[in-house]
Amino acid sequence: MSERHQVEASGEQAVAVGTNSGIVSTGDHAMIDARTVHLPTDAVRHPAEVAAPPGTTNLPAPENPDFVDRVEPLARLEAALGEAGPAVPPVVHGLGGTGKSALALQVAHRYRHRFNPVWWLSADSASSLAHGLADLASRLAPRQHLAAATSAERAEWALSWLQAHQDWLLVLDDAASPRDLAPVLGMTTGRHIITSRRATGWRRLAQPLPLDTLPSDAAVELLMRIIEPDGPDDERVLACLADELGHLPLALEQAAAYVESTAISPAAYLDRLRRYPGRMFAAAASGQEADDQRTVARIWQLSLQAITAQQPLAGDLLRLLAWLAPVPLPRDVLECLNEELGEDSSAVDEALALLHDYSMITLTRQTVAVHRLVQAVARFPDPADPHRTVEAITTARERATLLLEQVLPENPLFNVPGWPRWRELLPHLLALTDHTSAEDEDLHTAGLLVAASGYLQGDGHTSTAIGCAERAVDIHTRLQGTDHPATLAARSFLASAHRAAGNLETATLLHQQNLTDHERVHGSDHPDTLVARANLAYLYALQGEPTRARDLHQQNLTDMQRLHGPDHPHTINARANLASSYRDMGDLETAIDLHHQAVTDYERVYGPGHSETVTARSNLAYAHQLAGDIDAATTLFERVLADRERLYGPDHPLTELAHQLLEGTRTARNHEQP
């Protein structure tokens with residue numbers, strides 16, 4: 001489904017439509033100017049007197065047999081060509097490769113018998129448009145003396161003909177500038193279809209009809225029309241390939257043509273695409289020299305050349321966004337770039353607007369998003385593309401890493417108010433770290449992974465939390481050694497992630513090693529050593545060894561009070577941990593006293609609605625339940641559930657746990673009643 005098609009030059013000095021940009025000099029006047037054009041009246045009949053020969057058309061290709069029916073876009077475009085005609089013509093706009101020209105061509109073929117002429121005009125420049133109109137004049141009046149006229153004179157004659165006749169259809173393909181089309185759009189007696197990568201600038205000139213990528217089933221159908229699958233395995237691979245290519249029609253056609261011409265399997269192509277995406281996006285099918293300019297990489301390179309010629313910052317932003325996820329990114333994140341790039345917020349906004357205008361990004365007032373294929377192309381170096389040098393792409397990755405480091409909320413494991421922001425940014429963090437190769441990993445990468453592990457543990461995604469922590473430990477070990485404090489801290493996050501996942505044996509071994517290493521490196525009184533001791537005690541409690549847990553927690557509470565005082569958060573936490581140990585040992589009276597003191601301390605230091613205070617209150621309620629005080633437990637659990645719904649929402653694991661605990665006490669209270 002090509003968006004632009006080559007049209008042969010019409011004469012000795014003519015320039016083929018679709019092969020040029022800018023002003024073309026052919027010995028004629030290339031631009032239309034009604035003030036200076038004077039056709040000899042005795043040589044050419046008036047345009048109103050000339051009827052179009054039946055079936056006048058130059059549609060550049062037959063109806064596409066592989067066209068996948070796009071029901072909604074087709075319906076919208078056909079509605080715009082209805083009997084009454086629109087107040088303004090439709091402009092189909094979108095990212096290069098979405099099939100804008102293919103859609104327009106399909107509709108034009110469907111309406112060949114209703115309109116006459118049906119004429120395809122390349123609109124990538126004013127000169128291309130003028131030459132296309134000149135060709136139309138030559139077709140409409142081949143026996144007139146127009147052959148001796150200049151291109152500008154023939155184009156002016158064609159405009160006069162269009163104004164004097166009805167029921168014609170012009171397709172203005174790949175319009176680069178809305179203002180170039182003004183002379184043609186002023187002809188109101190016929191119909192127009194415009195295609196363009198430009199999303200804005202059409203006010204009062206055209207009715208925007210955005211075109212997105214294909215639905216998933218249509219994308220697979222397109223691949224299967226060109227690649228005949230050998231069986232169910234091939235069908236599954238083609239579905240994966242369609243997803244990998246982001247359902248972009250041009251990329252799907254490019255991949256299918258490559259598979260067909262090289263006689264490789266779809267699985268082999270998918271493997272190469274994942275290993276060498278930059279090379280595959282630039283690869284045309286063998287024997288299709290005319291299509292070597294129709295690859296995904298080439299189409300977007302041309303767009304980026306036009307963009308960066310106007311605003312170099314736009315190229316920097318696109319390369320940075322290429323390292324993030326293909327999901328909406330809050331726009332305020334990019335405000336942190338202003339100082340580093342030496343640009344003010346207005347310059348960033350203008351660069352984003354330009355990228356959006358060329359459909360390279362999707363921009364709203366709140367977010368910015370980039371198609372996954374645009375990202376893939378922009379992320380991989382190409383020595384033939386000045387916008388994708390190794391240095392530029394490396395700089396973009398480093399900037400993306402530092403940017404996320406600046407905007408992520410601190411203390412992700414316990415900073416519950418920061419969790420909504422984490423949910424917005426986590427996909428971008430994971431995409432960035434996934435795309436970062438081992439040789440490019442640095443301490444900033446490790447910092448992002450540790451922070452992500454902490455948030456993921458609290459949010460219940462333990463498998464991903466383990467993977468992030470393992471990778472962070474590897475980076476710190478490789479760059480700083482096994483005894484560095486950052487390495488020990490990363491290993492602590494890894495142990496906690498295993499504990500959250502229920503891998504208690506692995507978590508215990510890691511916490512034991514961590515405590516030994518902290519005592520050896522830092523000494524027994526170091527704050528990190530005390531944290532390591534508390535973590536190990538918690539594992540002992542989970543494994544049914546409450547006495548060992550109590551002894552470690554008692555030692556920690558004594559040391560915390562000596563080092564930090566009674567109101568320090570670490571001291572309060574140590575007292576809460578000790579209370580849980582007494583509860584697990586069955587000493588409920590001591591446990592309730594310590595839990596009650598912990599709740600009072602948390603309320604004083606953190607506030608009554610803080611997540612740590614809520615957890616302490618839940619522990620106190622549970623101790624009351626074990627002691628048989630069901631009424632006290634129920635009252636506390638009701639408050640815990642309300643607080644957790646407020647903090648986390650109704651579907652979070654901690655909210656669900658609070659709900660279960662409350663239902664348990666309510667059931668027990670009902671059984672006690674006569």
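1. Burial and surface. Of the 674 residues in the chain, 52% are buried. The model is a predicted one, and the values below are computed from it. The accessible surface of the chain is about 29,900 Å², and carbon and sulfur atoms contribute 50% of that area.

2. Overall make-up. The chain contains 28 helices and 8 strands.

3. Helix α15. The buried residues in α15 are L373, V374, Q375, A376, V377, A378 and R379. Buried here stands for a relative accessible area under 20%.

4. Helices α3 and α4. Helix α3 spans residues 126-140 and helix α4 spans residues 151-164; their axes come within 7 Å and cross at roughly 70°. Angles of 65 to 115 degrees count as roughly perpendicular, and α3 and α4 are therefore roughly perpendicular to each other. Their crossing is left-handed.

5. Residues joining α3 and α4. On the α3 side the contact involves A130, H131, L133, A134, L136, A137, S138 and L140, and on the α4 side S151, R154, A155, W157, A158, L159, W161 and L162. By class, the residues of this contact between α3 and α4 comprise 12 nonpolar, 3 polar and 1 charged.

6. Helices α8 and α9. The axes of α8 (residues 249-262) and α9 (residues 266-275) come within 10 Å, with a crossing angle of roughly 125°. At that angle α8 is oblique to α9. The crossing of α8 and α9 is right-handed. Helix α8 contributes A255, Y258 and V259 to the contact, while α9 contributes P266, Y269 and R272. Sorted by class, the residues of the contact of α8 with α9 are 5 nonpolar, no polar and 1 charged.

7. Residue G502. This glycine sits in the loop between α20 (485-500) and α21 (504-521). With a relative accessible area of 48%, G502 is partly exposed; the label exposed would require over 50%. Along the sequence G502 and L542 are 40 residues apart, and in space their C-alpha atoms are 9.6 Å apart.

Conventions: Residues numbered from 1 in each chain as written. Predicted model: local features only at pLDDT ≥ 70, side-chain atom pairs only at ≥ 80, totals over all residues. Heavy atoms only, no water. Helix = DSSP H or I, 4+ residues; strand = E, 2+ residues; numbered from the N terminus. Buried < 20%, exposed > 50% of the residue type's maximum accessible area, 1.4 Å probe, protein only. Areas by Shrake-Rupley, 256 points an atom, 1.4 Å probe, with all protein chains shown as cover. Axes fitted to C-alpha atoms, helices over the stretch in contact; angles between N-to-C directions. Parallel < 35°, antiparallel > 145°, perpendicular 65-115°, else oblique. Left-handed = near helix turned anticlockwise from the far one by under 90°. Contact = heavy atoms within 4.5 Å. Nonpolar A, V, L, I, M, F, W, Y, C, P; charged D, E, K, R; others polar.
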